[in-house]
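Here is a short briefing on one chain. Look over the sequence and the structure, then read the points below.

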Amino acid sequence: CRKIHGEMNVFEGFFSNIYFIGILFSTFFIQIFIVQFGGLAVNTVPLDVTQWLICSAFGFGSLIVGALLHLIPESKLPAQKHKRTLSSKSSSNLGFYRGGKRRTLSLQEFQKQGRQLK
């Protein structure tokens, strides 16, 4: 059901996974139950029909905005200074502060220092 490479039909294959549908509808009804009947236990007050429609419109609106953003060609978007991907080295770096200065370690260096502390 997730589209990450510019595909437009986010509902393709929506009903092909029964577990996904079960979790989706369970989450939907549990959230309604918590909001309507949670009260003091979860610090909520029941919503009326208008408020539910407004919340649903915001949720559905995010799908519309996402679809519109996919229509903008990449050439029209501003250039990014740092493009992070899962394969980039920067994603495996762990930063920390020591003596007021930020120091970045690779994952291997971080693990090595952890072993030295034990």
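The rings of Phe, Tyr and Trp (its six-membered ring) pair if their centres lie within 6.5 Å; planes under 30 degrees apart count as stacked, over 60 as edge-to-face and the rest as tilted. By this rule, the count is 2 aromatic pairs. In one, the rings of Phe28 and Phe29 have centres 5.1 Å apart and planes at 80 degrees, so this pair is edge-to-face. Phe33 and Phe37 form a tilted aromatic pair, with 5.2 Å from centre to centre and 50 degrees between the planes.

This is a predicted model: local features need pLDDT of at least 70, side-chain atom pairs count only at pLDDT 80 or more, and totals for chains, interfaces and linings use all residues. Residues are numbered from 1 along each chain as its sequence is written, and side-chain values use heavy atoms, with hydrogens and water left out.

**Aromatic residues and the surface patch**

- Phe33 and Phe37 are 4 residues apart in helix 1 (residues 18-37), so about one helical turn separates them. Helices (H or I, at least four residues) and strands (E, at least two) are DSSP runs, numbered from the N terminus.
- Phe33 is exposed, at 52% relative accessible area. Phe37 also counts as exposed, at 61%. The classes are buried (under 20% relative accessible area), exposed (over 50%) and partly exposed (in between), with a 1.4 Å probe and protein chains only.
- Phe28 is partly exposed, at 45% relative accessibility.
- Phe28 and Phe29 also belong to a nonpolar surface patch with Phe20, Leu24 and Phe25. Together the five residues have about 470 Å² of accessible area.
- Patches are made of residues with over 30% relative accessible area and no salt bridge; like charges are joined within 9 Å, nonpolar side chains (Val, Leu, Ile, Met, Phe, Trp, Tyr) within 5 Å. A salt bridge is a side-chain nitrogen of Lys or Arg within 4 Å of a carboxyl oxygen of Asp or Glu.
- Leu24 sits in helix 1. Leu24 is partly exposed, at 34% relative accessible area.

**Overall fold and surface**

- The chain has 4 helices and 2 strands. Along the sequence, their pattern is α-α-α-β-β-α.
- Of the 118 residues in the chain, 5% are buried.
- The chain exposes about 10900 Å², and carbon and sulfur atoms supply 64% of this area. Accessible areas come from the Shrake-Rupley method with a 1.4 Å probe; for residues, only the protein chains shown count as cover.
- Among contacts with a separation of 6 or more, 10% join residues 24 or more positions apart. Contact means heavy atoms within 4.5 Å.

**Single residues**

- Ala67 is in helix 3 (residues 49-71). Ala67 is partly exposed, at 27% relative accessibility.
- Ala67 and Asn9 are 58 residues apart in sequence, and their C-alpha atoms are 9.0 Å apart in space.
- Asn43 is not a glycine, although its phi is positive, at about 60 degrees. Asn43 lies in the loop between helix 2 (39-42) and helix 3. At 71% relative accessibility, Asn43 is exposed.

**Confidence**

- The mean pLDDT of the chain is 75, and 62% of the residues score at least 70. pLDDT is the predictor's confidence in each residue, from 0 to 100.
- Confidence is highest in helix 1, at a mean of 92, and lowest in strand 1 (residues 93-98), at 49.
- Over residues 86-93, pLDDT stays under 50. The model has 9 contacts beyond four places in sequence for this stretch.
- Where pLDDT is low, the predicted coordinates should not be read in detail.
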